[in-house]
Amino acid sequence: MSRALMLAERGVFTTEPNPRVGCVLVADDQVVGEGWHVRAGEGHAEVNALAQAGDRARGATAYVTLEPCSHFGRTPPCAEALVKAGVRRVVAAMQDPNPLVAGNGLNRLREAGIEVSCGLLEAQAQAVNPGFIKRMQQGLPWVRVKLAMSLDGRTAMASGESKWITGPAARADVQRLRARSGAVVSGADSVLLDDSALTVRASELGLPEDEAASAAARQPLRVLIDSLRRVPLDQRFFRETGPTLVISTSAEQAADDYRAAGSELLAVPGADGKVDLHAVLQTLAGRGCNEVLVEAGAGLSGAFWRAGLVDELIVYMAPRLLGSQARPLMQLPFESMSEAMDVDIVDMRAIGQDWRITARPIFPS
């Protein structure tokens, strides 16, 4: 199962909106077939492993990181493929949270006389697909907020200048975060100040050439939250290749202009003249986005955090000081210690000359 999980990770940049799945077939204590889901619309992990095993799959045990599917989608059901191949036993790491499957695949295998067990390395399997699981269970994507700061907790000079706080290794790491995401979200201020494109660039991923090309081939949906439509259509954000979505509080008399620029304009009005961020995430989930990366300034990042919509905070800390006049990490207008919010630091590691801190919010029970 550990090997199957490693195989599943190979699809981290390419399977969206599908889950990342790996499969290993074992017969007579020998691996006879391996496979993983490469990209949506192509063979699933079980089918690829069966193709490699051929006749050796008969009587084998299949270790698969997610319950085999039981429904017809863009590809036939994997449960039926395993039955037809004559496997003797199937070990699944976890049940599929997709309501179209949700135990049906395992039941189909049992009905065919195949020995079935589920739950081996379940926590590790869940960690491979946090966005797919959350989208299936809650109708929302897994949201990461990425920020870069100095050692004194500042993200930009008072003027907005922020290039570059972190070094090239950290920036390559951010490229990989983009590549694994279904959508990258930013705000008008960030796009205007940084002339952001928010694209995945193969040359900056820090991956082997073939892997980088594959990762960059699937560009995430680039989402601009621009309540007042302040970003002009000749900005770099609109000139780059790839799908873009602009979310405003209204779309009257402007949708045609954005369409002509190759972008979609969507109205998602909320309170106080702001965009409804919860509704935005529901919209993105409805479009198949499992993981969403927020790359924005202190205002929008703070708004996502205050709304309780952040699953993971990723902060790159650079070994430099920007001074007390520079901008803060997030706009969180707390006035007393009783308002302070705790986080659980789940990972901290060096990325080149910088440090990457991964934290998750701790919500009051």
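Q: Which residues of helix α13 are buried?
A: In this predicted model, helix α13 (residues 298-306) has A298, L300, S301, G302, F304 and W305 as its buried residues. Buried means under 20% relative accessible area, computed with a 1.4 Å probe and protein chains only. Helices are DSSP runs of H or I with at least four residues, strands are runs of E with at least two, and both are numbered from the N terminus.

Q: And what follows α13?
A: G308 follows α13, and its phi is positive, near 70°.

Q: Before continuing, what are the ground rules for numbering and confidence?
A: Residues are numbered from 1 along each chain as its sequence is written, and side-chain values use heavy atoms, with hydrogens and water left out. The model is predicted, with local features needing pLDDT of at least 70 and side-chain atom pairs counting only at pLDDT 80 or more, while totals for chains, interfaces and linings use all residues.

Q: Next, the nonpolar cores. Which residues of the largest one touch the most other members?
A: The largest nonpolar core has 38 residues, and L25, L50, L82, V87, V90 and L109 touch the most other members. Such a core is a set of buried Ala, Val, Leu, Ile, Met, Phe, Trp, Tyr and Cys residues joined through side-chain atoms within 4.5 Å.

Q: What is V90 in contact with?
A: Leaving aside neighbours within four places in sequence, V90 is in contact with A62, V64, P68, L82, L109, I114, E115, V116 and S117. Contact means heavy atoms within 4.5 Å.

Q: How many residues are in the second core?
A: That separate core has 34 residues, including A183, C289, L300 and V315.

Q: On to helix packing. How do α2 and α3 cross?
A: The axes of α2 (residues 45-53) and α3 (residues 78-85) come within 9 Å and cross at roughly 25°. Axes are lines fitted to C-alpha atoms, for helices over the stretch in contact, and angles run from 0 to 180 degrees between N-to-C directions. The two helices are therefore roughly parallel, a label for angles under 35 degrees.

Q: Which residues make that contact?
A: E46, V47 and L50 come from α2, and C78, A81, L82 and A85 come from α3. By class, six are nonpolar, none is polar and one is charged. Ala, Val, Leu, Ile, Met, Phe, Trp, Tyr, Cys and Pro count as nonpolar, Asp, Glu, Lys and Arg as charged, and the others, Gly among them, as polar.

Q: What about α3 and α4?
A: The axes of α3 and α4 (residues 104-111) come within 9 Å and cross at roughly 20°, which makes these helices roughly parallel. In α3, A79, E80, L82 and V83 meet G105, R108 and L109 of α4. That contact has four nonpolar, one polar and two charged residues.

Q: Changing topic, is T65 buried or exposed?
A: T65 counts as buried, at 4% relative accessibility. The residue is in the loop between β3 (61-64) and α3. The C-alpha atoms of T65 and C23 are separated by 6.6 Å, although the two are 42 residues apart along the chain.

Q: And where does S248 lie?
A: S248 lies in strand β10 (residues 244-248). With a relative accessible area of 0%, S248 is buried. Beyond neighbours within four places in sequence, the contacts of S248 include D226, R229, L265 and V275.

Methods:
Angles under 35 degrees count as roughly parallel, over 145 as roughly antiparallel, 65 to 115 as roughly perpendicular and the rest as oblique. Buried means under 20% relative accessible area, exposed over 50%, partly exposed in between (1.4 Å probe, protein chains only).
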